[in-house]
Amino acid sequence: MKEYLNLVGYAQPIYRKCELCSRVKDVSYRLDVKNAESSNMLVGSLDLCKVCAANMGEIIRIGG
Ligand SMILES: [Zn+2]
């Protein structure tokens, strides 16, 4: 699962809506979602706050 869900940190946090918890706060991470058939293709990405990124990180770790 790890190669299909890639969590990357922004060099500078962006103040905007977290796409997981819908709260407007400092968004520090982006979750890239790859195509299930090929990890070379990107389906899209979600901007995540620190809390959601930590949660997603755990899910990826457990699932992968
Ligand atoms: Zn969030």
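Mentor: The account below begins with the chain and then turns to the sheet. This is a predicted model, in which local features need pLDDT of at least 70 and side-chain atom pairs count only at pLDDT 80 or more, while totals for chains, interfaces and linings use all residues. Residues are numbered from 1 along each chain as its sequence is written.

The protein chain has 3 strands and 1 helix; here helices (H or I, at least four residues) and strands (E, at least two) are DSSP runs, numbered from the N terminus. Read from the N terminus, the order is β-β-β-α. The radius of gyration, taken over C-alpha atoms, is compared with a globule rule of 2.2 Å times the number of residues to the power 0.38. For the protein chain the radius of gyration is 12 Å, close to the 11 Å from the rule for 64 residues, so the chain is as compact as a globular protein of that length. Its C-alpha atoms fill a box of roughly 35 × 25 × 20 Å along the principal axes.

The sheet itself is open, with 3 strands in the order E1-E2-E3 and antiparallel pairing; two strands pair if DSSP finds at least two bridges between them. E1 and E3 (42-49) are the edge strands, each pairing on one side only. On average, neighbouring strands are turned by 25° against each other, direction ignored. Such angles are taken between axes, lines fitted to C-alpha atoms (for helices over the stretch in contact), and run from 0 to 180 degrees between N-to-C directions.

Strand E1 (residues 5-17) is joined to strand E2 (residues 24-34) by 9 bridges in the antiparallel sense. These two strands form a hairpin with 6 residues between them, and Ser22 in the turn has a positive phi of about 60°. E2 is also joined to E3, by 7 antiparallel bridges.

As to burial, a residue is buried if 20 or more other C-beta atoms lie within 10 Å of its own, exposed if 12 or fewer, and partly exposed in between, with C-beta atoms placed from the backbone. Of the 13 residues of E1, the number buried is 0, so this strand lies largely in the open. Across the 64 residues of the protein chain, 12% count as buried.
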